Amino acid sequence: KKTFTEVQTERREQAERTVLIKCPSRVNEKKLLQYLSSHGKINSHFFFENRGIHALIEFSEKSSVASLQDVVGIPKAVEHHVVPFKSRLFTFTLKNPVAKTAEETPVHLSRQSHIPVNELIQKLHQADSISSQMYILLNEYQLTEENIKLRFLACSLVQDFARAYFPDSTVKPFGSSVNTFGKLGCDVDMFLDFRDTQEHAAKMKKGPFEMEYQMKRLPSERLATQKILSVIGDCLDNFGPGCMSVQKILNARCPLVKFAHQPTGFQCDLSVSNSIAIRSSELLYIYGTLDPRVRALVFSLRCWARVHGLTNSIPGTWITNFSLTMMVMFFLQKRSPPIIPTLDQLKELADEKDKHIIGGYDCSFVSDLSKINPTKNTETLDELLCDFFEYFGNFDFRKNSLNLRRGKEVNKPESSPLYIWNPFEQDLNISKNVNQPQLEKFVAMARESAWILQKEDRTQRMINKEPWGLAALLIPFGKSNTNKMRRTKGMGSETIRSLLDSLKLSNASNLQKAVGK
């Protein structure tokens, strides 16, 4: 298994040898590839639909891109004047389209979005176990190889602009695009990295004298970040082919530029040198790569949370996907035997090259996956899904917090309803935004889901072609059938009281509403 850094480096190099071509609606694939091959060997290609047909072409050599650029024409501007920036985005047209269309056959299009939940539920009916259902969901929702290539290409195209000002800089994706937990359709988070420039400076300090660049000095790193992003943002807005709706959000805690990249179809967020975020991405990459159950469980629970309104793409007081993912990691650390190691255990395996101190925080952990012993845990995903709901349905959130460094519940350092320690910045709570009603709703939904999995007559539901297992959990509980009505009628005051006692909630009415929905 490759390390996170090896995978990222390989993907970035692939992206630099890649072009994106807008094609006619009926394109002759063989002839297009034949023409492009005259500029060099093609490693891989695929077509996809996004406001028309596009082809992503990855050459074997970077020089092939330059060779192709030498013969590509400048668009004839009849109504508009063109900005003469030569990118790796091209438009391919037929000189005599009428005569050609008869012979063209439709090309195979790579999917760039996941199926709707109602279609997913139909697919889940055909599985023979909850584990199979969870792997079907994972397969439908996870990023495809083609989609990942497209994400790295989007970063590489932005990097072309950044390098006009900062030749040694790189633009790298982080977060869900690279941590193995990205869902088709998720945004591309990218950051402008100057670390290579700093490493170059360190090399030059050897010898009896010093030579330094003259550079503009600013009073703070934040001001430098804002100025850099302001210029790059203007550059994308004014000159970037397909860069639309550019917003510069420079006064945020982490300044960024938001934009839509039309050629690839992605919403993008660009920030500067986000070192701790890339360490979090690598940590999740390790957890997601160690055991296939980890990703299957996370994807299923994220889908479940979204269906029931526990998570939302808009910022607010609900649990974020990142917090929910960390709750799953904590749960898997607590299994007996554990399915994944704690962060402290990964730190013990780290060698000198794995040492990372960022802003005073120790972000060290092993990068070589072969040094991590595989788990001896053999639990099925059926068991893990049900136990996750049981575990958090009965967790004492009033008193305890989740600490992934130690893999232990520890007393809350302050009174936030949900407290999950940031794995690296140990004085931060990653779930500080979550309020009490949202936590109560999560607990109620977890208990309801545990109840459904334990009590359902799976065989009968399969015979009746009714949703069962994971499929039953992906239907909003208020919309389910008479079975649900019978159950809530039967919930006496004793059940409600036991729910409230174990939660020790001060506001009882909120939970009664949540459970009775």
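## Report on a predicted protein chain

In the protein chain, 67% of the contacts between residues at least 6 apart in sequence join residues at least 24 apart, a contact meaning heavy atoms within 4.5 Å. The model is predicted, so that local features need pLDDT of at least 70 and side-chain atom pairs count only at pLDDT 80 or more, while totals for chains, interfaces and linings use all residues. Residues are numbered from 1 along each chain as its sequence is written, and side-chain values use heavy atoms, with hydrogens and water left out.

Of its 517 residues, 50% count as buried. Buried denotes under 20% relative accessible area, exposed over 50%, and partly exposed in between, with a 1.4 Å probe and protein chains only.

Helix α3 spans residues 62-71, and its buried residues are Ser64, Val65 and Leu68. These lie on the same side of α3 because they cover an arc of only 105° around the axis, the arc being that of the directions from the helix axis to the C-beta atoms. The face turned away from this buried side carries the exposed residues Ser63 and Asp70. The cover over the buried residues of α3 includes the elements α1 (4-16), β1 (18-23), α2 (29-37), β3 (53-59) and β4 (89-91).

A pocket is an open set of points on a 1 Å grid over the protein atoms alone, where a 1.4 Å probe fits, with protein on both sides within 12 Å along at least five of seven lines; lining residues have an atom within 4 Å of a point. Grid points are joined across faces, edges and corners, and the volume is the space filled by probe spheres set on the points.

| Property of the second largest pocket | Value |
|---|---|
| Volume | About 1500 Å³ |
| Lining | 44 residues |
| Lining by class | 22 nonpolar, twelve polar and ten charged residues |

Here Ala, Val, Leu, Ile, Met, Phe, Trp, Tyr, Cys and Pro count as nonpolar, Asp, Glu, Lys and Arg as charged, and the others, Gly among them, as polar. Val72, Leu89, Phe90, Thr91 and Phe92 lie nearest the centre of the pocket. At least two lining residues come from each of β1, α2, α3, β4 and α9 (221-239), and α2 gives the most, with four residues.

Asn400 lies in strand β12 (residues 400-403). Asn400 is buried, with a relative accessible area of 12%. Leaving aside residues up to four places away in sequence, Asn400 touches Phe395, Glu409, Val410, Asn411 and Lys412.
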